[in-house]
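Below is a set of questions and answers for someone meeting this structure for the first time. Look over the sequence and the fold, then read on.

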Amino acid sequence: MRGLLFILALSMVAPAVVAEDLVVIVNPKSGVSQLTREEVVDVFMGRNRQLPSRLTALPLDLPSSTAEREQFYRQLTGRSLAEINAYWARLMFTGRATPPILVSGQDESLLMVMDNRSAVAYVSRSRVNAQVKVVYEVGGK
Amino acid sequence: MKNKINAVVLACSVGLCSADVFAVEEGGLRLSGSGFLTVGLGKMLGGDRATVVDFNCPCFTSDYAQTGVYDGRGGVQWRPDTRLGLQGRAELADSGLSFTAQAVARGANGGQGDVQWAYGSYLLNDSTSIQLGRKRLPMFYYSDTQDVGFALPWTHLPPQLYGWEAVNYNGVNLLHRSTWGQWGATLNVLAGREHLRDSGYWKIYNGQHSRTDVNWDNIVGADLTLVRDWFETRFVYIQSNTVRSNPTGVWNGVTYTPSPDPYLNGKVTRQRIYSAAFNVDYADWLMLSEFLYIARPGAAFEDTAQLVALGNRIAPNWQAMVTLSRYQGKAVTALGGDPLAQEGHVSRSLTVRRDLSPTSAIKVQFDSQKDRGGPRWIPRFGNARLLTLSYDRVF
């Protein structure tokens with residue numbers, strides 16, 4: 001009985017769906033071997049799009065309806081999607097910065113990264129294949 | 001199909017990826033549109049009762065540039081902070097050329113719309129663009145987005161700092177982004193002019209039926225933003241030749257005969273605007289600070305204003321912030337300025353924000369404003385306490 005209560009209690013605090021680890025990927029020909037958290041923030045928040053290899057990054061965003069997008073910004077910046085949108089509302093209209101390009105999903109992210117040396121995307125770790133390079137583990141130490 | 005994908009991509013790039021954003025692409029020309037809405041409601045809770053100029057006080061000015069004033073007529077007031085903005089962008093694919101415009105209708109102006117932004121932009125390279133047209137004067141940290149309530153942590157900007165006679169200009173600016181060591185840097189250099197008929201700002205001081213025309217010529221300035229992880233700082237310098245006039249006549253059905261301004265009216269003066277912001281966004285804590293100094297060589301007073309705010313993300317999608325802002329005019333006694341006749345006020349506010357969705361939020365704010373004007377300062381608006389509620393949305 002105690003065991004059953006423990007499992008019941010655990011099920012109440014555990015998330016219904018366990019979020020999968022996200023990683024940031026680039027094209028193997030980008031010349032980038034790894035990125036720091038600060039560099040990933042700079043690329044996706046439009047602060048500095050120049051990669052260590054001097055290429056200008058082309059960051060890709062998943063649709064706002066996806067759990068991965070919320071998870072990515074929450075883990076990367078500690079901010080909610082509403083806060084991220086408020087941030088862009090302040091910058092983009094004046095032309096001071098442009099937000100990442102929206103793709104339809106992780107499949108398109110992978111295709112664009114495989115096809116474009118400048119593309120930078122976040123995907124679930126299980127989606128990674130040999131034609132892309134992992135340069136940052138989101139939420140990692 | 002390709003056009004459909006491009007439309008969605010473009011929609012995201014200009015409009016926060018909401019489903020309502022309009023975007024089409026045809027023949028290499030991309031057209032897109034988005035907008036923002038703030039419904040602001042406010043009620044004066046108390047303060048000094050008096051008729052000041054032609055306002056029935058207690059009074060709280062939430063938007064100096066648009067004569068957005070809550071007054072003591074009682075009941076819930078919606079005009080000062082309510083606005084609807086529509087923005088559109090046309091972009092010639094792969095050319096680096098784009099045109100952007102924004103029109104805003106405000107409750108403070110009886111719902112009338114006006115064009116706040118209309119500028120063309122050409123991308124010189126990946127990090128530099130030149131822009132020409134009508135833009136916001138980048139005097140303050142939130143100048144660019146002062147109408148977009150969703151982007152602000154308050155129901156209205158702290159009026160002690162965010163208030164001056166002109167907020168836009170026509171001209172040219174060069175925008176350059178780069179890195180300085182570990183810092184992301186954005187440098188913006190601008191030049192232009194602004195000829196403003198019937199300034200909303202001066203109606204607060206001269207009466208709602210007054211008319212003041214303001215000319216800022218030879219505007220030259222720059223702003224520099226440096227950001228590194230959780231810290232951001234911004235420095236601004238803008239100068240202009242400034243002249244204002246109060247034409248006698250019948251404005252809004254009332255005959256207006258101005259009393260002459262002994263210091264500035266009809267005289268060309270040079271103003272030099274300095275401002276700096278230092279902001280921290282660390283873990284769940286926010287700290288905003290901003291400082292303004294306006295010097296006018298040849299005039300008898302200067303402006304100083306500051307704000308400091310401390311906020312905390314108290315729970316997912318909830319944020320609380322306390323703000324202290326202060327304005328104080330400084331007499332230049334060598335030029336005849338009277339130290340006892342300077343405007344001054346401070347405001348303390350508490351704001352709670354709740355994000356309803358990735359594109360909408362509600363905020364509640366309590367402001368307490370104290371008059372710190374000198375004993376000979378006129379017009380004395382006095383103390384005021386205001387409660388405001390806003391619903392903000394971008395689409």
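**Strand pairing and the chain contact**

Q: How many bridges pair β10(B) with strand β11 of chain B?
A: In this predicted model, strand β11 covers residues 168-180 of chain B. β10(B) and β11 run in the antiparallel sense. The number of bridges between them is nine.

Q: Which residue of β11(B) stands opposite B:Thr128?
A: Strand β10 covers residues 128-136 of chain B, and B:Thr128 has its counterpart in β11(B). That counterpart is B:His176.

Q: Through how many residues does a hairpin join β9(B) to β10(B)?
A: Strand β9, residues 113-125 of chain B, pairs with β10(B) in the antiparallel sense over seven bridges. Within this pair, B:Ser121 stands opposite B:Gln131. The hairpin connects β9(B) to β10(B) through two residues.

Q: Which residue takes a positive phi in the hairpin of β5(B) and β6(B)?
A: Strands β5 (residues 60-63) and β6 (residues 68-70) of chain B run antiparallel and are joined by three bridges. B:Phe60 stands opposite B:Tyr70 there. Four residues lie between the strands, and the positive phi, near 55°, belongs to B:Thr67.

Q: Which element supplies the largest share of the side of chain A that touches chain B?
A: In the contact between the chains, 27 residues of chain A meet 33 residues of chain B. Elements of chain A that each supply at least two residues to this side are α2 (37-44), α4 (81-91) and β3 (101-102). The largest share is seven residues, and it comes from α4(A).

Q: How many charged residues does the side of chain A that touches chain B have?
A: Sorted by class, this side has 11 nonpolar and 10 polar residues. Its count of charged residues is six.

Q: How many of the 11 residues of α4(A) are buried?
A: Among the buried residues of α4(A) are A:Leu81, A:Trp88 and A:Arg90. Their cover includes α3 (67-77) of chain A, along with β21 (344-357), β22 (360-371) and β23 (384-394) of chain B. α4(A) is mostly covered, and its number of buried residues is 10.

Q: Which strands stand at the edges of the open sheet in chain A?
A: The sheet has five strands in the order β3-β2-β4-β1-β5, with mixed pairing. Each edge strand has a single partner, so one of its sides is left without a neighbour in the sheet. The edge strands are β3 and β5 (133-137) of chain A.

Q: Which residue of β3(A) stands opposite A:Asp61?
A: Strand β2 (residues 58-61) of chain A runs parallel to β3(A), joined by two bridges. The residue opposite A:Asp61 is A:Leu102.

Methods
Residues are numbered from 1 along each chain as its sequence is written. Chains are lettered from A and ligands numbered from 1 in the order in which they are written. This is a predicted model: local features need pLDDT of at least 70, side-chain atom pairs count only at pLDDT 80 or more; totals for chains, interfaces and linings use all residues. Two strands pair if DSSP finds at least two bridges between them. Two residues are in contact if their C-beta atoms, placed from the backbone, lie within 7 Å. Ala, Val, Leu, Ile, Met, Phe, Trp, Tyr, Cys and Pro count as nonpolar, Asp, Glu, Lys and Arg as charged, and the others, Gly among them, as polar. A residue is buried if 20 or more other C-beta atoms lie within 10 Å of its own, exposed if 12 or fewer, and partly exposed in between; C-beta atoms are placed from the backbone.
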